[in-house]
Amino acid sequence: MKKRVSKILWFGDALDENHQAIPPALSPSDEEHLQGLNLGEIYICVADADPALFIRTSADRIVYFKALDIEALSKFFIRKDRPDEAGFLIKFLGGLFSDYIQSMNFSSGALGEGFVIKVDSKTGDSYLEVDHMLARKSATFIELLIQRLRQVGGQIILSPASMSCSKVEEYDTFYRCYFENTDGEKTIVQEFVVGDQARSQTFNIKPGVHENVSNTYYWRLVTSIGDNYIDLSKSDCDTGSAAPQAGDDIVQLGNRTDKTRQNAIVLAAYGNDTPSFRQYAGIDSYSLAGKEVTAFSPNGNKVTGDFILKTGVNILTQFQILENLIYSETSKVLDEIQAEDNYLYNSAFASNTNGWEAKNDIHFFTVNGKFLLVNGKFYSRKDAMAAIIRDGDRNVLRILSSGIKQSNADLANKPTYEEGEEPRKFFISFKYKVITAGTLTIGFPGQNLHFTEQIEPGEEYTIKEYSGTWDGTGDFELKFTGDIYIHSLALTDNAYEDMITRFGTQLSQTNEKIEAVAERTSNLESKSAGWLTTADGVEIWAAAEFENGVKASSLFNVSADEILLKSEHIRLEGSVSANGNVFINTDGTMIAKNMVAEGIIAENGNFSGTIFASAIRLKEIEDGRLTNGAFIGHGGTFIAPELNYGEVVYVKWAIPLETRVSIDITIKAENDNVVIQDGIVINQKREVTFSANGTMGDIIGVNKGRGTFWSIFNATLSELY
């Protein structure tokens with residue numbers, strides 16, 4: 001049962017009928033130590049179905065430990081494979097390396113709260129945002145930008161530059177507007193650039209009250225800049241632009257060529273359609289016409305752009321809100337390869353690695369020579385592993401500097417070839433996310449379907465596909481030298497794209513209709529169904545088109561004056577009734593009162609009352625055996641069968657006079673329990689033959705308990721009709 005690894009460490013793979021690890025027996029004595037587990041020894045069950053550890057205690061008990069419980073360890077250790085948190089103070093005595101540290105309540109901006117220290121991933125610049133900062137000895141700033149949060153009664157324009165004009169000098173072609181960039185202790189940077197459009201406007205000054213004071217407006221081109229001034233063109237300006245004055249608040253609004261400086265947000269508190277929030281893009285002239293992309297105001301809201309809902313891998317949800325219309329569309333690509341299409345066994349890795357050989361190199365931690373036990377589990381370090389872990393909302397195969405192999409005998413399926421036939425093309429596909437870069441090796445060694453590739457880390461799962469010929473021999477291997485997560489591994493004879501099934505749903509509502517549509521499309525079929533509700537009624541429909549070109553559709557339409565049901569096949573389950581006059585039972589019997597029908601063809605039927613018909617067509621005998629309601633229209637021999645007690649059979653015969661040649665009809669008894677008589681004459685026989693050319697008549701069979709009697713009535717015997 002056990003094999004020795006060291007003096008105290010043994011291993012084996014024995015399992016019981018429930019595939020559970022079997023604990024070793026206790027050794028009877030020190031002399032018989034090979035017959036069981038001794039004090040201080042450890043037995044490891046290496047069976048993949050139930051890996052476990054067994055130790056013998058000082059009380060001669062066998063203690064059983066299952067595989068490492070990651071979730072249980074999470075109560076004591078911070079996770080490194082997903083976001084985690086700790087409810088107590090943590091001291092990093094050796095230091096902390098991170099590009100992002102943020103408080104729980106952080107929100108950015110002048111009205112925000114909390115703090116953040118981070119490195120911009122795009123520029124590499126570090127960034128600090130806090131409420132108060134104290135430098136106890138000194139602070140050195142290469143460049144210090146000071147801004148204040150202000151309230152403006154008319155408009156607040158959020159744009160790349162602004163200034164408060166302290167002095168104006170007039171030149172031949174421009175106005176030079178100065179601003180205070182320092183108070184001797186602090187200096188602010190020049191924000192304007194050449195090509196900007198500078199605008200100033202006041203709204204709340206009452207005309208005629210103060211001398212030489214009025215509302216002003218100008219929008220001019222910046223032609224030059226200095227450390228503490230900007231030059232505004234006299235000629236290149238908006239119509240009606242006034243001259244700048246000291247005290248003006250000037251903001252940048254647009255740029256002639258730089259698209260990154262052509263955007264602005266305007267918060268307005270003055271005007272007819274206020275208060276309002278408006279976002280502009282592409283401002284390259286003295287007009288905002290056509291530049292508004294977002295607006296929130298009392299007169300209505302407008303939003304232009306993309307709305308992204310992060311709902312999961314391969315799921316796209318789009319909402320369009322238009323006038324009188326609510327429209328939503330949800331589509332999903334089902335890219336899980338079905339098991340019946342896969343030549344690999346258990347390659348979805350949904351719960352275990354059964355059917356695979358996995359390599360694991362796990363070192364258990366010890367303290368003073370004893371294994372470190374955490375929450376009842378041994379704590380270990382994984383140098384190499386291939387095992388199922390939980391990543392997000394699904395189980396995946398994690399390979400860390402290791403690999404897995406499926407022997408040829410364990411494959412779910414293998415191709416067969418005729419003698420001399422060339423190997424066919426196969427496809428290997430899977431989804432993966434690389435944590436640590438490494439080299440991937442996958443396929444059947446020594447065959448065309450075997451590949452090696454260096455793969456770099458990524459944040460999302462990506463599809464990988466290889467193709468090559470395979471003759472059906474060899475073992476399948478998957479190895480990686482770094483750290484990788486894998487799921488949906490498949491070996492198929494179809495490309496990955498051909499295995500995809502696409503699903504889609506649409507729901508739209510207007511003031512006139514509500515409509516819902518669901519679709520499913522694969523390389524084998526295309527199906528759709530939906531319903532439409534309007535004031536005129538409700539329509540439910542379904543349609544399908546298959547790989548062989550066959551099409552099918554069904555329609556159920558309900559309106560105020562009728563209900564329409566249309567399909568190639570209509571199946572009703574249960575009893576059916578209509579107006580209390582028509583009944584169809586589950587056994588197929590039908591009752592119809594006052595029925596008027598055309599072209600009825602029935603094997604059996606019971607009719608009561610009077611039957612009015614311009615013509616009744618009876619089914620002609622085909623197998624030569626007299627049956628109820630049958631019709632004889634030609635000469636020949638016909639069998640009169642033995643009837644059950646109480647059974648009555650009626651047969652009609654008629655032979656038109658088309659030739660003077662005699663046409664005979666012979667009625668022959670089935671057995672000795674059947675007798676035949678010609679008309680009302682008592683002349684019981686086993687067989688009767690008569691000439692039927694140009695005549696018609698009836699043949700009636702009955703069983704009243706003394707055998708079966710068949711009587712032949714010729715049409716010349718008018719008294720019988």
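Aspartate 238 is buried, at 18% relative accessible area; buried here means under 20%, exposed over 50%, and partly exposed in between, with a 1.4 Å probe and protein chains only. This is a predicted model, in which local features need pLDDT of at least 70 and side-chain atom pairs count only at pLDDT 80 or more, while totals for chains, interfaces and linings use all residues. Residues are numbered from 1 along each chain as its sequence is written, and side-chain values use heavy atoms, with hydrogens and water left out.

You will find aspartate 238 in the loop between strand 15 (229–237) and strand 16 (249–255). Strands are DSSP runs of E, at least two residues, numbered from the N terminus. Setting aside neighbours within four places in sequence, aspartate 238 is in contact with Tyr217, Trp219 and Tyr286, where contact means heavy atoms within 4.5 Å. With tyrosine 217 there is also a side-chain polar contact of 2.5 Å; such a contact is a pair of N or O atoms within 3.5 Å, one able to donate a hydrogen and the other to accept it, and residues adjacent in sequence count only if both atoms are side-chain atoms.

## Aromatic pairs

How many aromatic pairs does the structure hold? There are 15. Rings of Phe, Tyr and Trp (its six-membered ring) pair if their centres lie within 6.5 Å; planes under 30 degrees apart are stacked, over 60 edge-to-face, and the rest tilted. Tryptophan 219 and tyrosine 286 have ring centres 5.5 Å apart and planes at 65°, so this pair is edge-to-face. Tryptophan 219 sits in strand 14 (residues 217–225), and tyrosine 286, 67 residues away, in the loop between strand 18 (276–280) and strand 19 (292–297). Tryptophan 219 is buried at 2% relative accessibility, and tyrosine 286 is buried at 16%.

A second pair brings together tryptophan 653 and phenylalanine 690: their ring centres are 5.2 Å apart and their planes at 50°, so the pair is tilted. Tryptophan 653 belongs to strand 48 (residues 648–655) and phenylalanine 690 to strand 51 (residues 687–691). Tryptophan 653 is buried at 0% relative accessibility, and phenylalanine 690 at 11%. Elsewhere, ring pairs link a cluster that includes Trp356, Phe426 and Phe476.

Five strands form an open, antiparallel sheet in the order 9-17-18-19-20; two strands pair if DSSP finds at least two bridges between them. Strand 9 (155–158) and strand 20 (300–303) are the edge strands, each pairing on one side only. Strand 9 meets strand 17 (residues 264–268) over four antiparallel bridges, with isoleucine 157 opposite valine 266.

## Nonpolar cores

In soluble globular proteins, nonpolar side chains tend to be buried together. A nonpolar core is a set of buried Ala, Val, Leu, Ile, Met, Phe, Trp, Tyr and Cys residues joined through side-chain atoms within 4.5 Å. The largest core has 29 residues, and Phe430, Ile442, Phe476, Leu478, Leu489 and Leu491 touch the most other members. Strand 35 (476–492) is one of the elements that give two or more residues to this core, and its share of seven residues is the largest. Isoleucine 442 is in contact with residues including Phe430, Phe476, Leu478 and Leu489. Another core, of 22 residues, lies apart and has Val649, Val674, Phe690 and Trp710 among its members.
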